[in-house]
Amino acid sequence: MEINTLRNREFIVAILKKIQEKIKKINYSPKIMEVCGTHTMTIHKFGLRRLLKDSGVEMLSGPGCPVCVTPNEIIEAAIDLLSNHENLILATFGDMTRVPTRKGSLMTSTPAKGSFKKIIYSPEECLLLAKENENKEVVFFGVGFETTIPSIAFTVKKAYEEKISNFSLLSALWLIPPPLKSIVESKDINIHGFLYPGHVSTIIGKIPYEFIAKDYKIPGTITGFEPGDILLGINDILDQILEDKPSVTIQYKRVVKEEGNPKARSLMYEVFEEKDANWRGLGLIPKSGLKLKEKFSQFDAEKKFGFKIKAQSKDLKGCRCGDVLKGLISPLECPLFRKACYPESPKGPCMVSFEGACLAYYKYGY
């Protein structure tokens with residue numbers, strides 16, 4: 001289906017009408033979680049949340065924002081590296097520099113003598129930095145889901161092959177399926193369906209989500225990022241509810257294959273292995289993060305600089321970003337939203353990241 005069709009007003013109205021007809025048959029207002037922060041942005045940008053609410057569908061934001069789920073202790077470790085080590089370059093993606101912690105943010109921190117921070121757009125830029133600054137240590141603060149992890153794995157492997165010794169990785173790498181299990185099992189909220197992220201699914205395919213349909217009887221579909229994609233995905237979930245046949249379908253067939261990208265996954269697990277990891281708002285989740293394998297441990301910033309990150313930091317006082325990530329509340333229910341927390345002076349990462357639910361609510365309305 002062409003992009004223009006997926007943004008066509010008549011097409012959108014027709015799909016909404018189908019959704020409304022199916023809601024009448026279901027006879028309750030289903031709660032559907034859009035896992036991905038990019039879905040959240042699309043839903044708000046095109047006014048879909050209000051249209052869907054009026055149609056009888058309640059949309060919940062999920063944990064699909066890597067900047068948002070990264071707990072403060074990892075960001076504080078990055079701040080400490082930059083502030084306490086001379087001749088060090090701390091490289092990371094732009095959003096990570098603005099996340100507030102009790103130690104400030106990377107943007108506001110004062111680098112040690114000869115050190116500086118560098119915003120990059122590709123992990124491989126770090127290798128060029130390391131080659132051009134042989135007298136400095138280059139630490140890449142790598143944050144992301146399965147979408148970006150293969151490129152980070154490629155960078156580490158290339159550093160290994162080229163023997164670039166002044167490069168290391170501070171890892172904040174997350175896997176999407178485990179937190180969904182944690183959310184479902186918490187029973188804090190009754191979720192009737194999941195919109196799974198299209199870009200993550202280009203890597204992992206559909207199989208890693210199937211346990212949710214099989215074990216928890218919750219429908220789901222993998223969908224893209226145009227407004228028509230979102231509505232077609234919701235329409236598909238409603239069909240599964242009506243037929244009482246929960247499954248994982250692929251609405252985003254123009255991009256996602258059932259098996260995903262085996263080559264990319266192979267590269268991921270050549271370099272990394274799973275670990276238990278702490279998520280903001282969700283706590284410790286088994287096998288939900290990645291760490292470097294022993295073969296590549298020389299590039300582990302924690303080992304190289306002799307520190308250990310412990311789960312101890314909390315969000316700034318009053319910030320409820322963690323509850324937003326779990327779908328427990330909307331940003332409107334946070335006491336800081338539009339009172340003390342703004343994009344120019346955020347109190348939590350959900351107002352920082354382009355994929356953050358609070359920023360979406362603030363930027364595009366409710």
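Which residues is A213 in contact with, leaving aside its neighbours within four places in sequence? The answer is I218, P246 and S247, where contact means heavy atoms within 4.5 Å. Before going further, a word on ground rules: this is a predicted model, in which local features need pLDDT of at least 70 and side-chain atom pairs count only at pLDDT 80 or more, while totals for chains, interfaces and linings use all residues. Residues are numbered from 1 along each chain as its sequence is written, and side-chain values use heavy atoms, with hydrogens and water left out.

**The chain as a whole**

- The chain has 16 helices and eleven strands; both are DSSP runs numbered from the N terminus, with helices being H or I of at least four residues and strands being E of at least two.
- With a radius of gyration of 21 Å, close to the 21 Å from the globule rule for 366 residues, the chain is as compact as a globular protein of that length. The radius is taken over C-alpha atoms, and the rule is 2.2 Å times the number of residues to the power 0.38.
- Along the principal axes, the C-alpha atoms fill a box of roughly 65 × 45 × 40 Å.
- Buried residues make up 57% of the 366 in the chain. Here buried means under 20% relative accessible area, exposed means over 50%, and partly exposed is in between (1.4 Å probe, protein chains only).
- Take the contacts between residues at least 6 apart in sequence: 77% of them join residues at least 24 apart.

**Surface and charge**

**Two domains**

- Domain 1 covers 3–65 + 179–250, and domain 2 covers 71–173 + 261–305; these bounds come from an automatic or database domain assignment.
- The C-alpha centres of domain 1 and domain 2 lie 32 Å apart. Eleven residues from domain 1 and eleven residues from domain 2 take part in the contact.

- A213 sits in helix 11 (residues 210–216) and is buried, at a relative accessible area of 7%.
- Although A213 and V248 are 35 residues apart along the chain, their C-alpha atoms are separated by 6.8 Å.
- Q240 belongs to helix 12 (residues 227–243) and is also buried, at 4% relative accessible area.
- Not counting residues up to four places away in sequence, Q240 touches P219, G220, K245, P246, S247 and T249. P246 and S247 are in contact with A213 too.

**Two positive phi values**

- Most residues other than glycine have a negative phi.
- K163 is not a glycine, yet has a positive phi of about 55 degrees. Look for K163 in the loop between helix 8 (149–161) and strand 6 (167–173), where K163 is exposed at 71% relative accessible area.
- D244 has a positive phi near 55 degrees and is likewise a residue other than glycine. D244 is in the loop between helix 12 and strand 9 (248–250), and counts as exposed at 64% relative accessibility.

**Other spots to look at**

- T97 is in the loop between strand 3 (88–92) and strand 4 (116–119), and counts as buried at 6% relative accessibility. Beyond four places in sequence, T97 touches T92, S105, L106, M107 and I119.
- R320 is in the loop between helix 14 (301–305) and helix 15 (321–325), and is partly exposed at 31% relative accessible area.
- Leaving aside neighbours within four places in sequence, R320 is in contact with I329, E333, C334 and P335. The C-alpha atoms of R320 and G348 are separated by 8.0 Å.
- Q20 is in helix 2 (residues 9–26) and counts as partly exposed at 36% relative accessibility.
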